[in-house]
Amino acid sequence: MSNNIKKALIIGLGLIGGSLAKGLRKNGSFGEVIGFDRDPDELEKGLLTGVIDVAAESLAQAVSEADLVVLAVPVKAMEKVLVDIAPFIAEDTFLTDVGSTKGNVVEAAQRVFTALPSGFVPGHPIAGSEKSGVEAADENLFLNHKVILTPLAESSSGAVKLFTEMWSALGAEVLVMNVEKHDEVLAATSHLPHMLAFSLVDTLAQEQDNNTDIFRYAAGGFRDFTRIAGSDPTMWHDICLANKEALLAQLDRFVAGLGNLRAAIECGDSETMLGTFTRARVAREHFSRILSGTAYSHDMSNQQVTFRAQPGGSVSGKIRVPGDKSISHRSIMLGSLADGVTEVTGFLEGEDSLATLQAFRDMGVVIEGPVDGNVTIYGVGINGLQAPPGPLYVGNSGTSMRLLSGLLAAQQFDSELTGDASLTKRPMGRVADPLRLMGAEIETAENGRPPLKIKGKRSLTGMHYEMPMASAQVKSCLLLAGLYAEGQTSVTEPAPTRDHTERMLNGFGYSVEQEGATAVVSSGGQLHACRIDVPADISSATFFMVAAAICPDSDLVLEHVGINPTRIGVINILRLMGANLELLNEREVGGEPVADIRIRYAPLKGIHIPEDQVPLAIDEFPALFVAAACAEGTTIVSGAEELRVKESDRIQSMVDGLKTLGVDIEGTPDGAVIKGGPIGGGVVESHDDHRIAMSFCIAALRAKDTIVINECANVATSFPDFVELACAAGLKVEREEG
Ligand code: S3P
C-alpha cells in the first residue's frame with residue numbers, strides 16, 4: 001500500500017484501540033504503531049503483549065510526530081483529549097476517532113479547533129465484544145464488520161481514502177454516511193435495542209418473589225434477546241447522553257408502538273395483533289435477506305456480477321419464464337387498495353416487484369409471501385394506506401416510482417420516493433407535471449429527476465390529459481390518481497401502450513371506460529379483492545424467442561406467456577423478420593390472454609420495423625437488436641427515442657456493445673441501423689441494465705468467441721433465475737461474483 005504513514009498513534013488501548021493497534025501492526029503498511037493510554041499499566045501491557053511497537057511517554061510529543069492519530073477513548077473523554085492534542089495536530093495529520101456516536105464528537109471538535117483540520121474524518125467501527133481492556137485486543141475484531149466513516153465538509157478526499165484503506169486492510173467493510181444519518185441509524189439499530197435489553201432484564205430482576213425462577217426457566221430466546229444487557233454500563237450511560245435526541249425519538253416511537261399493541265391485546269383486537277406480528281415477521285425476513293446479501297429493494301450497484309457466455313449452442317425443450325413484471329406490480333398496488341384478501345399466483349419474485357411489495361408493507365399493508373410466486377394481500381381499502389415511517393425506496397424500478405407517485409399524490413400523508421443510481425437519472429417530470437395540473441404538490445430534484453417529495457392532504461381534481469409520449473407508466477399513474485380526484489380523469493395515448501392497469505381495475509370491480517385511445521375513470525368507487533394469476537412475462541420470454549430464432553436446430557416452447565395485444569409487438573416483429581413462431585393453447589386467465597409459444601429456427605431477414613409496433617415491443621428492443629445482428633440484410637429501428645430513457649440509454653448501450661462484438665451498427669437519435677453479419681467475442685458493458693445484460697448472453701449463441709458482460713446484478717430486477725433457466729434451455733452462461 002503506498003501511503004506515507006511512518007507513525008500511527010492510537011490514543012486509548014481499550015478493546016477497540018488495542019485491536020486496531022494490533023491489526024495495524026500485523027498488517028505492517030501503516031508505519032510504526034505507537035500507543036498511548038492514561039493508565040500506565042494498560043500501556044505497559046500493550047507493549048508486553050505485542051499490541052503496539054512503542055509506548056508514548058508524552059502525548060504532546062507523540063501527536064506532533066504522528067502522521068495518523070486515532071482517538072479510541074470513551075465518547076465522554078473525547079473533548080478533553082481533543083483539547084490536549086489540538087495544538088500538536090498539523091493540517092496534514094490524519095485524524096479519526098472510533099466513538100459510537102458522531103454528532104457529539106464533531107461538536108466537541110468544532111469547539112476545540114478554530115478550523116477543523118482537513119485530515120479529520122470521524123469514524124465508527126461497528127464491532128465489539130463484552131470483553132474490555134488491552135488484554136482482549138484481537139487483530140481480527142474488525143474482520144467482516146462494518147465501519148462507518150462520516151466525512152465532514154472540511155474532510156479532504158485524501159483523508160477519506162486513507163481511512164477507507166486503513167479499515168479495509170483490517171478486513172472491514174467501509175460505509176460512508178453523514179453524521180446525522182449515522183446517529184439516527186445507530187439510535188434505531190443499536191442504542192434502542194440496548195435500552196430494551198437493559199430495561200427488560202432490570203424489570204424482571206426486580207420481581208423479588210420469583211425472579212430466580214424467571215431466570216432459571218428463561219429459554220434460549222430470552223438469553224439471546226438480553227445478551228446485550230451484559231454490556232458496559234458506563235459506556236452505555238455515556239452513549240445515551242451523547243446521542244440523546246436521536247435515542248429519545250426512537251424510544252418514543254417504540255413506546256407508542258408497544259402502547260398500541262397493549263391496547264390491542266386488552267380489547268382482543270386480533271387484526272392489529274396479527275397485523276403487527278405479520279409485518280414484523282416479514283420485515284425480519286427482509287432484513288435477513290439484506291444481511292445475507294440477497295435482499296430485494298436494496299441498491300445492487302455495489303454488487304459486482306459478471307456473466308460469461310460461451311459461444312455456440314442451440315435451445316430446446318419447454319420452459320416457463322418468471323411472472324410478468326408489470327402485472328406483478330399492479331397486483332400488489334390494487335390488492336392493497338382493495339377491500340378483502342387478494343391471492344396472487346405466479347408473482348414475479350424479482351427486485352422490482354418486491355420493491356413495490358415492500359413499499360406497501362411500509363404503508364401498513366399486511367402482505368404474506370412471496371412463497372413460490374404466491375402472495376396474499378390483506379387489502380386496507382382505497383383510503384386505508386398509512387404514512388410510511390420514512391422514504392419509500394423503490395430500487396431500480398421506474399414502474400414503482402411512476403405508478404406510486406399517482407397514488408401518493410392523493411393520500412392524506414406526505415411521502416418521498418427514492419431509488420438507486422440508475423433510477424435517479426430517469427425523468428419523472430412526465431408524471432409530476434400532469435399530477436400538478438390535477439392539484440398535486442410534488443417536488444423533484446433538478447430536471448424533474450428523483451427523489452420525489454409528495455405533499456399529502458391535497459385535493460385532486462380530475463382532468464383530461466393528452467400524453468405527449470406513448471407511456472403506460474404515465475397513463476397508469478394518472479388513472480391511479482384519478483381514483484381519488486374529484487370527477488372524471490381521462491388519458492389519451494398517442495399510440496396503444498400496455499393496458500394492464502385498466503384490465504386489472506376492471507377485474508377488481510372498478511370500472512375503467514375505454515373510448516378509442518382514451519381511458520376514463522371516475523373517483524368514488526371501491527376495489528373488491530380477487531384472485532390474480534400472473535402469466536409469464538413476454539419481455540422475459542423474448543430472450544428465449546430470439547435465442548431459438550437465431551440458432552439452427554432450436555425448437556423451444558415457452559409456457560403460459562401473457563400475449564396481451566398491447567405487448568405482442570415482439571411476436572409481430574419477429575414474424576415479419578421470418579421467424580417460425582406458433583401460438584398454442586391460447587386461453588384467457590384472469591382477464592389477460594395467455595398462450596404457449598413454440599419457436600423454431602428459421603433464417604431471419606432485416607426489415608424496417610413498423611413504428612406502430614414500437615410501443616408494443618418497447619422492452620424487447622435490446623433482444624431485437626441481437627436478432628437484427630443475426631439477420632440477413634439491414635434492420636432499421638426508428639421512432640424509438642423512448643429507449644434512451646430506460647434503465648440505461650438502450651440505443652447507446654446496444655450500439656456500443658454490438659460494435660465491440662464487431663457488428664456493423666450505427667445509432668440514430670430515435671433508433672439504429674443494424675447490418676446482419678458475423679458476431680465476435682469481447683467484453684461488453686450492460687450499464688446496470690438487466691435487459692442489456694440478458695441480450696448479450698443470447699448473442700453468444702451466434703458469436704465466434706466468449707462474450708463477457710459486466711454489471712449484471714440488475715438482472716435480478718426482472719429475471720432472478722435467468723442463468724439457471726438459460727443453461728437449462730441450452731445456453732452456456734456462467735455467473736461470476738466479486
Ligand atoms: C411499464 C411500461 C413501460 C415499460 C416498463 C414497464 C409498465 O414503460 O418500458 O418496463 O409496467 O407500465 P413506459 O411507460 O415508460 O414506456
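Reader: Why is threonine 418 called buried?

Author: Threonine 418 has a relative accessibility of 18%, and buried means under 20%, so threonine 418 counts as buried. Bear in mind that this is a predicted model.

Reader: Which residues does threonine 418 touch, leaving out those up to four places away in sequence?

Author: Pro391, Leu392, Tyr393, Val394, Gly395, Met401 and Pro451. They count as touching because contact means heavy atoms within 4.5 Å. Threonine 418 itself sits in strand β15, residues 415-418.

Reader: On to the sheet with β9. What makes β29 and β31 its edge strands?

Author: The open sheet runs β29-β30-β9-β31, with mixed pairing. β29 (682-685) and β31 (733-737) each pair on one side only, which is what puts them at the edges.

Reader: How do you know that β9 and β31 pair?

Author: Pairing needs at least two bridges, and β9 (residues 305-309) and β31 have five, in the antiparallel sense. The two therefore count as paired. Within them, alanine 309 stands opposite valine 733 in β31.

Reader: What lies across these strands?

Author: Helix α23 (residues 690-699) lies across β9, β29, β30 and β31, at about 175 degrees to β30.

Key. Residues numbered from 1 in each chain as written. Predicted model: local features only at pLDDT ≥ 70, side-chain atom pairs only at ≥ 80, totals over all residues. Heavy atoms only, no water. Helix = DSSP H or I, 4+ residues; strand = E, 2+ residues; numbered from the N terminus. Buried < 20%, exposed > 50% of the residue type's maximum accessible area, 1.4 Å probe, protein only. Axes fitted to C-alpha atoms, helices over the stretch in contact; angles between N-to-C directions.
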